[in-house]
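This report describes one protein structure for a reader who is new to the subject. Please consult the sequence and the model while reading.

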Amino acid sequence: MDERLEAGIHWIGRAIEVVGIAIIVVGATLALAFFIRRLLVRRDKERAIGDFRSDLGRSILLGLEFLVAADIVNTVAIEPTLDSLAVLAGIVLIRTFLSFSLEVEIEGRWPWQRGAEPRGN
């Protein structure tokens, strides 16, 4: 592969990683700010905590999606060896498990149960 093309793909992968990290950091910061505001305005602690966890979980989920995309770009486009593909598969499995766990935590149901009534309602 041409060195410039490889370097360009490498930087694209890094840019996607930075976007994913920024989404998590900005999302966590906003979730915390909204949490504090909800506590001060509504003073409904239980609801504020639930909303905070939901907001934080959503930002983490979105950030994880970008990080998985960056891993795919870096692994497949830059060094497509069996070892790097095995590492990618492990990363994707772990992040998929985290995504499913966060989805269940946020929504109260599995992602494929979109039409079902959430737990506790």
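Does F35 count as buried or exposed? The model is predicted, and in it F35 has a relative accessibility of 17%. Buried means under 20%, so F35 counts as buried.

## Helix α1

F35 belongs to a set of buried residues in helix α1, which also includes I9, G13, E17, G20, G27, A31 and R38. The partner against which the buried residues of α1 pack is α2, residues 45–78.

Just after α1, the residue R43 adopts a positive phi of about 60°.

## The aromatic pair

The structure holds one aromatic pair. The two rings are those of F35 and F52; their centres are 5.1 Å apart and their planes meet at 45°, so the pair is tilted. In this way distant parts of the chain are linked, since F35 is in helix α1 and F52 is in helix α2, 17 residues apart.

## L88 in helix α3

Helix α3 contains L88. With a relative accessibility of 10%, L88 counts as buried.

Which residues does L88 touch, leaving aside those up to four places away in sequence? They are D71, I72, T75 and V76. For D71, the separation from L88 is 17 residues in sequence, while the C-alpha atoms of the two are 6.8 Å apart in space.

## The largest pocket

Rolling a probe the size of a water molecule over the atoms shows where empty space is left. The largest pocket has a volume of about 220 Å³. Its lining is formed by E46, R47, G50, D51, R53, S54, E105 and I106. Two elements, α2 and α3 (82–107), each give two or more residues to this lining.

Helix α2 supplies the largest share, with six residues. Sorted by class, the lining of the largest pocket has five charged residues, two polar residues and one nonpolar residue.

Methods: Residues are numbered from 1 along each chain as its sequence is written. This is a predicted model: local features need pLDDT of at least 70, side-chain atom pairs count only at pLDDT 80 or more; totals for chains, interfaces and linings use all residues. Side-chain values use heavy atoms; hydrogens and water are left out. Buried means under 20% relative accessible area, exposed over 50%, partly exposed in between (1.4 Å probe, protein chains only). Helices (H or I, at least four residues) and strands (E, at least two) are DSSP runs, numbered from the N terminus. Contact means heavy atoms within 4.5 Å. On a 1 Å grid over the protein atoms alone, a cavity is a set of points where a 1.4 Å probe fits but cannot get out, and a pocket is an open set with protein on both sides within 12 Å along at least five of seven lines; lining residues have an atom within 4 Å of a point. Grid points are joined across faces, edges and corners, and a volume is the space filled by probe spheres set on the points. Ala, Val, Leu, Ile, Met, Phe, Trp, Tyr, Cys and Pro count as nonpolar, Asp, Glu, Lys and Arg as charged, and the others, Gly among them, as polar. Rings of Phe, Tyr and Trp (its six-membered ring) pair if their centres lie within 6.5 Å; planes under 30 degrees apart count as stacked, over 60 as edge-to-face and the rest as tilted.
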